[in-house]
Amino acid sequence: MEKGNVHVRLADPSDLDFVCQDGYLPQDVVLRKIKQGECFVLCVDDQPAGYLRLEFLWSLVPYIALIHITEGYRGEGYSRDLLYFVEYHLRNRGFNVIYSSSQLDEPDPQAWHRHMGFEECGIINGINDGGIGEVFFRKHL
């Protein structure tokens with residue numbers, strides 16, 4: 001599959017259904033995050049193909065709450081495009097680090113983090129359903 005024309009941008013209210021399709025957050029919360037500039041959309045050939053939502057730990061430290069690439073676009077490097085745009089966006093706003101995490105029982109997302117230049121920086125045991133821990137990652141921007 002040939003990689004299409006890629007464009008990453010801040011989400012706008014018309015993206016609401018797309019950036020909350022995972023169902024983790026209520027639409028009103030996602031809409032607030034869109035308005036605060038905490039959601040990003042990746043488009044391939046002008047079609048939405050992925051999104052990333054940020055959180056801010058202690059309202060100060062950027063944290064990737066969720067990155068999602070739509071089925072059919074996975075494995076083509078689009079997550080890298082999305083992440084690099086967000087890193088550039090954050091650096092331009094004075095941030096020098098970004099955090100993320102993955103459940104301990106998810107080896108593929110952990111491998112993705114390491115491949116993208118994140119380093120493991122801690123674990124919280126038992127934080128998820130079923131007592132599954134969460135491994136945290138940090139990347140200097």
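**Figure 1. Burial across the predicted model.** Of the 141 residues in the protein, 39% are buried. The model is predicted. The exposed surface comes to about 7900 Å². Carbon and sulfur atoms supply 49% of that area.

**Figure 2. Overall dimensions of the fold.** The C-alpha trace spans about 40 × 35 × 35 Å along its principal axes. The radius of gyration is 15 Å. A compact globule of 141 residues would have a value near 14 Å, so the protein agrees with that expectation. Contacts are counted here at a separation of 6 or more, and 54% of them join residues 24 or more positions apart.

**Figure 3. Secondary structure elements.** The protein has four helices and seven strands. Along the sequence, their order reads β-α-α-β-β-β-α-β-α-β-β.

Figure 4. Cys20 is buried, at a relative accessible area of 10%. For the sulfur of Cys20, the closest cysteine sulfur belongs to Cys39. The two sulfurs lie 9.0 Å apart, which is too far for a bond. A disulfide needs sulfur atoms within 2.5 Å.

Figure 5. By the 2.5 Å rule, the disulfide count is zero.

**Figure 6. Charged side chains.** The protein carries 13 positive and 21 negative side chains. The centres of these two sets are 7 Å apart.

Technical notes. Residues are numbered from 1 along each chain as its sequence is written. This is a predicted model: local features need pLDDT of at least 70, side-chain atom pairs count only at pLDDT 80 or more; totals for chains, interfaces and linings use all residues. Side-chain values use heavy atoms; hydrogens and water are left out. Buried means under 20% relative accessible area, exposed over 50%, partly exposed in between (1.4 Å probe, protein chains only). Helices (H or I, at least four residues) and strands (E, at least two) are DSSP runs, numbered from the N terminus. The radius of gyration is taken over C-alpha atoms; the globule rule is 2.2 Å times the number of residues to the power 0.38. Contact means heavy atoms within 4.5 Å. Accessible areas come from the Shrake-Rupley method with a 1.4 Å probe; for residues, only the protein chains shown count as cover. Lys and Arg count as positive and Asp and Glu as negative; His and the chain ends are not counted. The place of a charge is taken as NZ of Lys, CZ of Arg, CG of Asp or CD of Glu.
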